[in-house]
Amino acid sequence: MKRDLLGRRLVVTGAARGIGEKVARVAAARGARVTLIGLEPDRLRDLADDLGPTASWREADVRDGTALRSAIDDAAEVMRGIDLVVANAGVVAYGTVRQTDEASFERVLDINLNGVFRTLKYATPHLERSRGHVLVMASALSFMPLAAMSSYGASKAATELLALTYRQEVAHLGVTVGLVHPSWIDTDLVRGAEADLPSFQALRRRLPYPGNVTTSSDRAAAAVVNGLARRRSRVYVPRAVVVANWAKAALNSPLAWPWARRFAARAVPSLEREVAALGRQDQITPGADAPAAENRSS
């Protein structure tokens, strides 16, 4: 394996599982020193042990600015700086706008959007000193609305604009900023949605490519780490997601509306019934007791 990140100092949020865990493993194998930030201390400790003496971990919730700032500052102290950040922590919730309760909607926005804001804010002084690079986890749903994914889609569209604005603001400091746009990745998030909502898998099959395929978390992590090494401004997983970015005006135009309306008319009633029967809107991470502070993505 290439050692193109040798000595580089990386912070990953949402590092306990999913893409965050895989990114940490690949980056460490390529020579990076890694600090893992997340909510599952046992998993973080085990992962840091697996990665070896150059890895460390801190428990912090991206919703808690004080705890997150302390974790990032501790990471900089332990590693003697921060060169790279992957702002990865994210969750999903189920339900249409009329069905979703306010607390569930706000929780998704607080983690997926405000959590990225807090990560960027508190990492900036360290990135300025190293003239570093940050990758922000957005989504293919930054470009394309999908029924019953309103909170997730809103958070990821807003995260894209936040990252693009931040890119302008820190360019004169020598800091570079990229966005990652995964489609469906084989993580607990996607598997959990399929287990909770039987219609979800059928909905995905009806989407046009690449919305109807699932990418392995290993492949997604490799793409993210390549993006770090090359300081990319955009990373698409799979690469065909770039078409959705180029075509987003057309996808949301009156020309595409008849198809979108028919698609949603088939999907929404069954999804609403299944969410109502489930009795909750927050996703539960398999094997955990609390709602998922999962890593991305779709």
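Student: Which residues in α4 meet which residues in α5?

Tutor: Happy to. Please keep in mind that this is a predicted model, so everything below is computed from predicted coordinates. On the α4 side, the residues that meet α5 are F105, V108, L109, N112, L113, V116, F117, L120, T124 and L127. Their partners in α5 are S150, S151, Y152, A154, S155, K156, A158, T159, L162, Y166 and V170. By class, this contact of α4 with α5 has 14 nonpolar, 6 polar and 1 charged residues.

Now for the geometry. Two packed helices are described by the angle between their axes and the distance between the axes. Helix α4 covers residues 102-130 and helix α5 covers residues 150-170; they pack at an angle of about 20°, with their axes 8 Å apart. Angles under 35 degrees count as roughly parallel, which makes α4 roughly parallel to α5. The crossing of α4 and α5 is right-handed.

Helix α1 (residues 18-29) and helix α2 (residues 41-51) have axes that come within 10 Å and cross at roughly 15°. Therefore α1 and α2 are roughly parallel to each other, and their crossing is right-handed. E21, A24, R25 and A28 of α1 make the contact with R43, L47, D50 and L51 of α2. By class, that contact has 4 nonpolar, no polar and 4 charged residues.

From packing, let us turn to empty space. Rolling a probe the size of a water molecule over the atoms shows where empty space is left. The structure holds 3 cavities of 30 Å³ or more, and the largest cavity has a volume of about 70 Å³. Lining the largest cavity are Y94, G95, L146, A147, A148, M149, A193, L197, F200, L203 and L271. These lining residues divide into 10 nonpolar, 1 polar and no charged.

The open space comes next. The largest pocket has a volume of about 620 Å³. Its lining is made of 29 residues, and M144, P145, L207, L251 and W259 lie nearest its centre. Both α9 (241-246) and α11 (257-278) supply at least two residues each to this lining; the largest share, 6 residues, comes from α11. By class, the lining of the largest pocket has 23 nonpolar, 5 polar and 1 charged residues.

Finally, a few backbone details are worth checking if you plan to work with the coordinates. Most residues other than glycine have a negative phi, and most peptide bonds are trans. Against that background, a cis peptide bond joins Y209 and P210, with omega about 10°. P210 lies in the loop between α7 (198-206) and β8 (214-215). The peptide bond from V237 to P238 is also cis, with omega near -10°, and P238 sits in the loop between β9 (234-237) and α9. As for phi, R80 has a positive value near 60° and is a residue other than glycine. R80 is found in the loop between α3 (65-79) and β4 (84-87).

To return to your pair: α4 and α5 pack at about 20°, their crossing is right-handed, and their contact has 14 nonpolar residues.

Conventions: Residues numbered from 1 in each chain as written. Predicted model: local features only at pLDDT ≥ 70, side-chain atom pairs only at ≥ 80, totals over all residues. Heavy atoms only, no water. 1 Å grid on protein atoms, 1.4 Å probe; cavity = no way out; pocket = protein on both sides within 12 Å on 5 of 7 lines; lining within 4 Å. Points joined across faces, edges and corners; volume = space filled by probe spheres on them. Helix = DSSP H or I, 4+ residues; strand = E, 2+ residues; numbered from the N terminus. Nonpolar A, V, L, I, M, F, W, Y, C, P; charged D, E, K, R; others polar. Axes fitted to C-alpha atoms, helices over the stretch in contact; angles between N-to-C directions. Parallel < 35°, antiparallel > 145°, perpendicular 65-115°, else oblique. Left-handed = near helix turned anticlockwise from the far one by under 90°. Contact = heavy atoms within 4.5 Å.
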